[in-house]
Amino acid sequence: MHKLMGYELHITRAESHAENAGREITAEEWLRYVASDPELRLMPANGKYFARWNGKSKYLDPWFDWFEGNIDTKNPDKAIVGKMIEIARRLGARVQGDDGEFYNDASEFPD
């Protein structure tokens, strides 16, 4: 299963998160989004764009991080995927897994 190997999900505007030139989510857009969402808090000790989510997850410290035009997390549960879909919709983006698949609903994500 993917998650055992460190499976990542990405919020991206591109057809492929790995090839997003010209379709990037800017760092400034991400920072504005974090500032507007009371469920997110920047954690600068972990990186300038690293944000912790205070939503209900099976993990103690669910997080998102902006990197090179995408917003990423690792080994999410369905609750985190749901939050990613919410963020993606607000940013005009989609949630994509490492294998290129897109998620439109958290129920599609294998838990």
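This is a predicted model: local features need pLDDT of at least 70, side-chain atom pairs count only at pLDDT 80 or more; totals for chains, interfaces and linings use all residues.
Helices, counted from at least four residues, and strands, counted from at least two, are DSSP runs that are numbered from the N terminus. In those terms, Glu19 belongs to the loop that runs between strand 1 (8–12) and helix 1 (27–36).

**Aromatic pairs between strands 3 and 4**

- Phe50 and Trp63 form a stacked pair, with 5.4 Å from centre to centre and 20° between the planes.
- Because Phe50 lies in strand 3 (residues 50–53) and Trp63 in strand 4 (residues 63–67), this pair ties together parts that are 13 residues apart in sequence.
- Phe50 is buried at a relative accessible area of 14%, whereas Trp63, with a relative accessibility of 27%, counts as partly exposed.
- The ring centres of Trp53 and Phe64 are 6.5 Å apart and their planes stand at 50°, so this pair is tilted.
- Trp53 lies in strand 3 and Phe64 in strand 4, and the pair therefore ties together parts that are 11 residues apart in sequence.
- Trp53 and Phe64 are both buried.

**A charge over a ring**

- Arg94 places its charged end over the ring of Phe102, at 3.5 Å from the centre of that ring.

**The setting of Glu19**

- Glu19 has a relative accessible area of 64% and is exposed, because residues count as exposed when this value is over 50%.
- Glu19 and Asp105 are 86 residues apart along the chain, and their C-alpha atoms are separated by 23 Å.

Note on methods:
Residues are numbered from 1 along each chain as its sequence is written. Side-chain values use heavy atoms; hydrogens and water are left out. Rings of Phe, Tyr and Trp (its six-membered ring) pair if their centres lie within 6.5 Å; planes under 30 degrees apart count as stacked, over 60 as edge-to-face and the rest as tilted. Buried means under 20% relative accessible area, exposed over 50%, partly exposed in between (1.4 Å probe, protein chains only). A charge sits over a ring if NZ of Lys or CZ of Arg is within 6 Å of the ring centre and within 35 degrees of the ring normal.
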